[in-house]
Amino acid sequence: MIAERVVIDGVVKNGVVVPESNSDLPEGTHVKIVYPFVDDTGDLLSEFAAWDRAGADAWRMIDQLVRENPA
């Protein structure tokens, strides 16, 4: 049996996820909540970009060290 994926929009109120529409899910149904991470400020994206640049710089330094000191 293949389970059909159902998406139910909801909102957190007082620490409880409340569906925004009626659903036909039976009482006791197990669900998974997938949190769509949203960073309104853009700070997180800037930090990821900084880590990417730092990682690229680190790999360039490693490559240079390997070229200068072959095994």
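Helices, of at least four residues, and strands, of at least two, are taken as DSSP runs and numbered from the N terminus. In this predicted model, leucine 25 is placed in the loop between strand 2 and helix 1 (43-68).

The largest pocket holds about 860 Å³ of space. Its lining comprises 22 residues, of which Ile8, Val31, Lys32, Ile33 and Val34 are the closest to the pocket centre. Two or more lining residues are given by each of strand 1 (10-13) and strand 2 (16-19). By residue class, the lining of the largest pocket consists of 14 nonpolar, four polar and four charged residues.

One salt bridge is counted in the model. Aspartate 57 pairs with arginine 60 in a salt bridge, with a separation of 2.2 Å between the closest N and O atoms. Both residues of this pair, aspartate 57 and arginine 60, are in helix 1, where a spacing of three residues corresponds to about one turn of the helix. Aspartate 57 has a relative accessibility of 39% and therefore counts as partly exposed.

Definitions and conventions: Residues numbered from 1 in each chain as written. Predicted model: local features only at pLDDT ≥ 70, side-chain atom pairs only at ≥ 80, totals over all residues. Heavy atoms only, no water. 1 Å grid on protein atoms, 1.4 Å probe; cavity = no way out; pocket = protein on both sides within 12 Å on 5 of 7 lines; lining within 4 Å. Points joined across faces, edges and corners; volume = space filled by probe spheres on them. Nonpolar A, V, L, I, M, F, W, Y, C, P; charged D, E, K, R; others polar. Salt bridge = Lys/Arg side-chain N within 4 Å of Asp/Glu carboxyl O. Buried < 20%, exposed > 50% of the residue type's maximum accessible area, 1.4 Å probe, protein only.
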